[in-house]
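Here is a short briefing on one protein chain. Please keep the structure open while reading.

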Amino acid sequence: MESSDEDGPIATSTSWRYCLHIAYYGTGLVGWQRQQQETKSSSGHDSVQEVMEAAVTETLGASKRVNVTGVSRTDAGTHALYQFGFIRLNSELHMTMDELKDRINAKLGNGRVVVLGVTVPTMGPSRIRSRYKKYIYYLQQGHRPDLELGKYSWFLGRRLDIQRIRDALKFLEGTHDFRPFSQGLLKPKYEDMTTVRTVISAKVVVRRNVNFSLDPQVSGSGEEVIDVADMHREPSSSIVYDKHNSDDSNAVATGDHKKRKVEQAKVGATVHFVCIELVANGFLRHMVRRIIGTLRPIGEGAQPATRMQQVLNGEVQPGPSAPTKALWLHRTWLTQEEYDRDCAVECCTL
């Protein structure tokens, strides 16, 4: 599930509650949520929640598993920079919060899942849930795929029309019933479940040299491409000469000998990323991935931008779910105040 709210631990006079800021690469993991034993056995992989609970339990020396309750759920293969996990203890920590963070990370070991910080929640004994979330989906464009960066993005060989994508995304902004984009919620037994969500922002940004680290301060950053025509310009060619074809290497440098062209080497074939950024007060199962699946033929020119509105209206089916490997839970805001503060900072930097 791309995003779902869960009940957090309730603060009482006899318990201490702590919030873990968690980031992770979802590759090889079955998503956030702890799996039933039969599901785990068939997949052969752990969930992020299980990995975290094992590390926290061992760090604290607890005799029973320490539950780590997540604010959001993510599907298998989805990456996250801003997952929050809450733990509730029967006694106060016997170490500082920085020490707890470092010791948990030492248990986690491989850097695939990391704790970026530990805090004491300021919220009272109400339900712990997110106020807003931001997902980014990375579509890779270029003359050939970058296989290393393909771990975190989806390469599409056909050129995407950015303006068509931008026009289609406008239909998503505002409050709508997103049931047509959900996975499995069209069944009659779910007809009473609310599927109305408010999309605050839906935009597309083209970047090059995108950072895919687990550091929220820099992850997702990259040089913004203002002239999108740069994405599809042929890279320049350089002539490489065989120095061994001349008796005088200086003549090669000065051009006074017969030059033999060895190859036409294309240089500057930069990979670009079409970044689809969605901010909303909630997301349904597979909602973002089906939006991307609907955007793809629009961007490739096979469907008009109004196709997005037709899907919202239930007139046509959405596109298939796009791969999870390119989906990132980029930001989670727990309170309106946090969101407003970040918006104010962003406005000041524009």
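Predicted model: local features only at pLDDT ≥ 70, side-chain atom pairs only at ≥ 80, totals over all residues.

The chain has 350 residues, of which 46% are buried. Its secondary structure comes to eight helices and 13 strands. A search of the whole structure finds 14 aromatic pairs and 12 salt bridges.

**Overall make-up**

- The accessible surface of the chain is about 17800 Å². Carbon and sulfur atoms account for 47% of that surface.
- Contacts were also sorted by sequence separation. Among those between residues at least 6 apart in sequence, 73% join residues at least 24 apart.

**Aromatic pairs**

- A pair of aromatic rings is described by two quantities, the distance of the centres and the angle of the planes.
- The search of the whole structure gives 14 aromatic pairs. Tyr138 and Trp328 form an edge-to-face pair, with 6.5 Å from centre to centre and 90° between the planes.
- This pair links distant parts of the chain, 190 residues apart. Tyr138 sits in strand β5 (residues 132–141), and Trp328 sits in strand β13 (residues 327–333).
- Phe178 and Phe181 form a tilted aromatic pair. Their centres are 6.3 Å apart, and the angle between the planes is 40°.
- Phe178 is buried, with a relative accessible area of 0%. Phe181 is buried too, with a value of 0%.
- Which residues form one aromatic cluster? They are Tyr25, Tyr138, Tyr152, Phe212, Phe273 and Trp328.

**A charge over a ring**

- Arg331 lies over the face of Tyr82. The distance to the ring centre is 4.1 Å.

**Salt bridges**

- Side chains of opposite charge can pair when their charged atoms come close.
- The whole structure holds 12 salt bridges. One of them joins Glu53 and Arg34, with the closest N and O atoms 2.5 Å apart.
- Glu53 lies in helix α2 (residues 48–60), while Arg34 lies in the loop between β1 (16–24) and α1 (37–43), so the pair ties together parts that are 19 residues apart in sequence.
- The two partners have their own accessibility values. Glu53 is buried, with a relative accessible area of 2%. Arg34 is partly exposed, at 30% relative accessibility.
- Glu53 also meets the side chain of Arg65 in a salt bridge, at 3.7 Å from N to O. This pair links distant parts of the chain: Arg65 is in the loop between α2 and β2 (69–70), Glu53 is in helix α2, and they are 12 residues apart.
- Arg34, Glu53 and Arg65 are linked in a network of salt bridges.
- Arg208 forms a salt bridge with Glu223, and the closest N and O atoms are 3.0 Å apart.
- Arg208 belongs to strand β8 (residues 196–208) and Glu223 to strand β9 (residues 223–224), so this bridge ties together parts 15 residues apart in sequence.
- Arg208 counts as buried, because 15% relative accessibility is under 20%. Glu223 is partly exposed, with a relative accessible area of 45%.

**Ser153**

- Where is Ser153 found? It is in the loop between β5 and β6 (154–155).
- Ser153 is buried, with a relative accessible area of 0%.
- The side chain of Ser153 makes a polar contact with the side chain of Gln140, at 3.0 Å.
- A polar atom of the Ser153 side chain also lies 2.8 Å from the backbone oxygen of Leu149.
- Which residues does Ser153 contact, leaving aside its neighbours within four places in sequence? They are Tyr138, Gln140, Phe273, Lys325 and Ala326.

Key: Residues numbered from 1 in each chain as written. Heavy atoms only, no water. Phe/Tyr/Trp six-rings, centres within 6.5 Å; stacked < 30°, edge-to-face > 60°. Helix = DSSP H or I, 4+ residues; strand = E, 2+ residues; numbered from the N terminus. Buried < 20%, exposed > 50% of the residue type's maximum accessible area, 1.4 Å probe, protein only. Lys NZ or Arg CZ within 6 Å of the ring centre and 35° of its normal. Contact = heavy atoms within 4.5 Å. Areas by Shrake-Rupley, 256 points an atom, 1.4 Å probe, with all protein chains shown as cover. Salt bridge = Lys/Arg side-chain N within 4 Å of Asp/Glu carboxyl O. Polar contact = N/O pair within 3.5 Å; in protein donor to acceptor, adjacent residues only side chain to side chain.
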